[in-house]
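Notebook open, model loaded. I want to look up some contacts, a helix pair and the nonpolar cores.

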Amino acid sequence: MKFKMTRPKAIIAFVLSIAMIAFAAYVLVFGVAGYGQAKSIKLGLDLKGGVSITYQVSKNNGKYSQTDFDDTINKLEKRVQVFSTEAQVQKEGDDKIAVSIPGQYDADKVLEELGKPGSLYFCTKSEETPSKKDLKAKKFIQLKNNSQDDGYYKVWVTGDEIKNAKGQASQDENTKATQYVVSLKFNDKGTKAFGDMTSENVGKQTYIIYDNQILSAPNVKEAITGGEAQIDGQKDLEEAEQLASNIRIGSLNLELDEISHKVESAQLGNDALSKSLLAGLIGMIIIFIFMLIVYRIPGIAACLALVAYVEMILLALNGFDLTLTLPGIAGIILNIGMAVDANVIIYARIREEIAAGKTVKTAIKTGFKAATSAIVDGNITTLIAALVLLWRGSGTVQGFAQTLAIGIIIQLFEALVISRGFVWMLYYMGFEKVKFYGKEKVRKVFQFVQKKAIFFAISIVCILIGVGAMVANGAAGSVFNLGIEFKGGSSISVEFEKEYSIDYFNDHIKKDLEKEVGLKEVQGQRDTANKKLYSIKTERLEGDKFDKFKKVLIDKYKAYDPSKKGHEGNFANEMISGSVSKQMREDAVIATVIAIICMLIYIWIRFRNVQFAFAAVTALVHDVAIVVGFYALARVTLGTTFIACLLTIVGYSINATIVIFDRIRENMAKRRRGEKVIDLVNTSITQTLTRSIYTTFTTFIMIFMIYIMGVTSIQEFTLPLMVGLIAGAFSSVFITGSLWYIFKGRSYDKALR
C-alpha cells in the first residue's frame, strides 16, 4: 500500500522532526547517561593540550647510528597514533625524543598504556654461528635467574613485524577454565618468519626478549602459519594487557628511558576555541538569513537541515572519539560549504522547473532528481580523496581526512534525505503556491569560452607572481616562511614569578617576543601542574638573540633569572626537530597524488569522457599553484595546517567543477542537431552561475568570520584558505569549461563545418 502524505500527517512529521533536532541539541549540551556532550569531544594540542613525555636513549644501547635514531622516531610516531592521529614526536637535543599526545590528561595512565619502549625479539636457542641481528639480541639478553647462558639465541621475528598485540580473556577448550592470553597478529614478513620458527621448533621452548628481560618463554605446540598466535600463561587480564602493550611498542630500534612527563595546556588558549565557535555561529546565522531571503520556504528546510547536519557531525566526532584540531575544523567548514552547496543546487533546479512552467509539486520531484547526480558525483569524488588520505596519509593529514570523510557521508544524508523530507513536509502543510518558492530568472548567456584568453591570462599572471615571489625568497634564503613543525627550532623551559594564562601569553608575551626579539613564530604551552612554568617553542635561538629573549622575559614579565642562585636551570634551551617528519611529508605528497589520480579515474568513468577528468585536474593544479604562491608572497607561516589548507581547496574546487560538468553532460544529452557545443558550454556555465556565486558567498562567510574573530594562528590558517576559495571558484567558472571545450568540445563543432 502506497503511503499518502496529508496535511495532518505532514504537521505531525514536522513537529516530530523538530523534536528530534531539539533532543539532539539537548544531548550535545547536557548529554545522556554521561555520553554525547559536545564539551567531551577530544580536542588537539592546539585547542586543548595533552600529555607530554620526554624519552632519552638508554645507555644500554651503546653506540648507535643516526639511522637507528631516526628509525626509532618514525616507528614511535606510528605507535603513539593509537592514542590520536594528531600525536607529535620530535627530536629534542642530541639523544632525547619528546612525545605529545592530545586529548589525554592522565600522564601516568598514558605511560602505562603506551608501555616502555625497547627492543623486542622472538628467539630460540641455537648452536649456529650468530648473525649480526642475533648478536644484537644476545647483547640485551639475561635469563630470569640472571645467570649467563653459553649458547646463542637465534632471532626469528622482531617487534616491527608484529601488526598488533591485544590482551584478552579466553576459555580453554579442554578444561573450560578462563585463561588470560595475548593475541598476536603479524604482518606479511612476520607471518612467514613466525611460521618458519614454529615449524622448525615444535615441542621446543621459544623466548620473547624485551628490554633486557625474558617476557615470556612459551613452548611451541604446533606450527603456526596463519599470521596469528596466542601467548598464554598470564595470571590475570591486567598482566596480559601489559605484556601486549610492551609488545606493541617493541619495534623500536633503540631502548628509551622515560625521563619526564607532564600535562600541558593548549597552544592556542581558551579564546581560540570560544572565538572560533562564536564566529561559526555568526556565520551560520548569516547563511540562514541569506537562505531564507533567497529561497523562502525551501530556505526554511535548508536551515533546519543544516542544524541537523551540525548536530550529527558533532555527535559523530564524539561517538568515534576523534581528535578535533584546526585541520579538523577546516574539514567541517568545507562540509558546511558543501552542505549549503547541495541545497543551493537542489533549490535552483526547483526554481528552474517552475520557471519552465511545471507545477510546484512536479518541480520539487524533478529538482531533487536532476540535482542528485551532481551532488553525489561531487561528494563521492571528495570522499575518494578523503579515503585515500586516510589510508596513505599520517598525522594531521589523517585527522583532516577522518573529519572530512565522516562529514561527507553525513551531509549527503542531510541533502538528499533530511532536506528533501522538510521540503515535502512544508509543501503538504499548505505551502503549495509558486510565491513560496520563486522562479529562476533567465540570465543572458555570457561568452565564457570566447573570452577564455582573458581568463587564462589572469590565472597565468597570478601564478607567475607567486613563482616570482618563490624565486625572490629563495635567493634571499628561504622560499617559504617555514614553521617550527617543518624546520624545528628551540624548546625553552621558562618559569615565571607569577602565573600567566595561555590567553595572556598569546595576547601579550608572544606579541612582545615577536616584536622586540624579531621572532616569526612563538608557541607557548603551560604546565598544568606548575602553572608558572612554560615550554616556549620558537625558531632556533642562540647567542645575542637568545640573550635578548631572556632579557624581555626577565625584565618585563618577571621570569626567574638563571644567573641567580636557585634558578640555574631556568631558560634550559633544547634544540628540537620538526614535528612533521620526512616520512609524514612523503606520505602526504604520495597520498595527495594518489587521491588526484583516483579522482581523475572516477570522473573519467562517471562522465565517460577523459577530457572532463583532465580539465578538472588541471583546475586543481591551478588552485594549488595559486595558494602555494600566496604562501610565498605573503610570507604566511607554513606549518601543519598548510597541508589541510591545500586539501580543503582541492575538495572545494573539485566539487564546484563537478556541478558545471554535470550540467554540460546533461545539456549534451539534449543537444539539438546543428547546435554548437561552444554555445552549450556557455549556457551550462551561465545556468550554474547562481549556484557558484551563492556557494562561494556562503562558504566564504564562514571562513571570513573565523578570520576576523580568530587569534593570530587561526588567521594564518584562514587567510590562504580564503584565497584558495576564490581561486577555486574562478577556475571552476572561468577555466574548466573552456579547457574541456579545447580538449574535446571543439572537435564537435569542427564536425559541423
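I count a contact when heavy atoms lie within 4.5 Å. The model is predicted, so local features need pLDDT of at least 70 and side-chain atom pairs count only at pLDDT 80 or more, while totals for chains, interfaces and linings use all residues. Numbering runs from 1 along each chain as its sequence is written, and side-chain values use heavy atoms, with hydrogens and water left out.

**T686.** I found T686 in helix 19 (residues 677-687); helices are DSSP runs of H or I, at least four residues, numbered from the N terminus. Buried or exposed? T686 is buried, at 6% relative accessible area (buried is under 20%, with a 1.4 Å probe and protein chains only). Beyond neighbours within four places in sequence, T686 contacts R443, K444, V445, F446 and F448.

**Helices 14 and 15.** I looked at how helix 14 (residues 502-517) packs on helix 15 (residues 543-557): the angle is about 135° and the axes are 10 Å apart. Axes here are lines fitted to C-alpha atoms over the stretch in contact, with angles from 0 to 180 degrees between N-to-C directions. Contact residues include Y504 and I509 of helix 14, and F549 and V552 of helix 15.

**Cores.** The largest nonpolar core has 104 residues, with I364 and Y631 among those having the most contacts inside it. A core means buried Ala, Val, Leu, Ile, Met, Phe, Trp, Tyr and Cys joined through side-chain atoms within 4.5 Å. Helix 11 (residues 396-428) gives this core its largest share, 18 residues.

Definitions and conventions: Helix = DSSP H or I, 4+ residues; strand = E, 2+ residues; numbered from the N terminus. Buried < 20%, exposed > 50% of the residue type's maximum accessible area, 1.4 Å probe, protein only.
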